[in-house]
Amino acid sequence: MNTRRKNRLYLILAILIGLGLATALVMYALRSNIDLFYTPSEIINGKGAAQEKPESGQRLRVGGMVMPGSVKRDPQTLRVSFKLYDANGVVSVSYEGILPDLFREGQGVVAQGVLESGNQINAKEVLAKHDEKYTPPEIEDAMKQNHQRPADAYQPAQGGQS
């Protein structure tokens, strides 16, 4: 093999190795920054055919309806905790900050944060759905499948009040 062909081969190999290394570094960096979307039932029961559950410490986005009567505010701070539900599951969310104006019980929201142990989400951001005209396709599909209230889980307490 003559010198010119050897130099071309070395150049092509160096470019391929550089591209492979750059791709590997980008994929490694993105791995920790990807926020996957889940519904409450997918967090509890798993997602997809393999029933893969998110791990504790994983960043994720969870979308569901705010359970009526579940919003608890700390009067001393901006800390708020509430529960999100869908047809088959309930998860707890804690958030410190100012909630969107459209946040209220029975409203659809998306919370972005980190999954803690025991199906607790420590949210860094809470987004409230503003109307029914536009919903991202992934949320719309998940809500169509899961948007019904379980009758046994959210009945008002039977008591002496009339």
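## The nonpolar core

The largest nonpolar core has 20 residues, and those touching the most other members are Ile 43, Val 62, Phe 82, Leu 84, Val 109, Ile 121 and Val 126. (A nonpolar core here is a set of buried Ala, Val, Leu, Ile, Met, Phe, Trp, Tyr and Cys residues joined through side-chain atoms within 4.5 Å; buried means under 20% relative accessible area, exposed over 50%, and partly exposed in between, with a 1.4 Å probe and protein chains only.) At least two core residues come from each of strands S2 (59–66), S4, S5, S6 and S7 (120–128), and S7 gives the most, with four. Helices (H or I, at least four residues) and strands (E, at least two) are DSSP runs, numbered from the N terminus.

Take Val 126: leaving out residues up to four places away in sequence, Val 126 touches Phe 82, Tyr 95, Leu 99, Pro 100, Phe 103, Val 109, Val 110 and Ala 111. Contact means heavy atoms within 4.5 Å.

## About the model

This is a predicted model, where local features need pLDDT of at least 70, side-chain atom pairs count only at pLDDT 80 or more, and totals for chains, interfaces and linings use all residues. Residues are numbered from 1 along each chain as its sequence is written, and side-chain values use heavy atoms, with hydrogens and water left out.

## One aromatic pair

There's one aromatic pair in the structure. Phe 82 and Phe 103 have ring centres 4.9 Å apart and planes at 65°, so this is an edge-to-face pair. (Rings of Phe, Tyr and Trp, the last by its six-membered ring, pair if their centres lie within 6.5 Å; planes under 30 degrees apart are stacked, over 60 edge-to-face, and the rest tilted.)

The pair joins distant parts of the chain, 21 residues apart: Phe 82 sits in strand S4 (residues 79–85), and Phe 103 in the loop between S5 (90–96) and S6 (108–116). Phe 82 is buried at 2% relative accessible area, and Phe 103 also counts as buried, at 8%.

## One salt bridge

Search the whole structure and you get one salt bridge, between the side chains of Arg 79 and Glu 96 (3.5 Å, N to O). The term needs a side-chain nitrogen of Lys or Arg within 4 Å of a carboxyl oxygen of Asp or Glu. This pair, too, links distant parts of the chain, from Arg 79 in S4 to Glu 96 in S5, 17 residues apart. Arg 79 is partly exposed, at 32% relative accessible area.

## The whole chain

The protein chain has three helices and seven strands, running α-β-α-β-β-β-β-β-β-α from the N terminus. Of its 162 residues, 31% count as buried.
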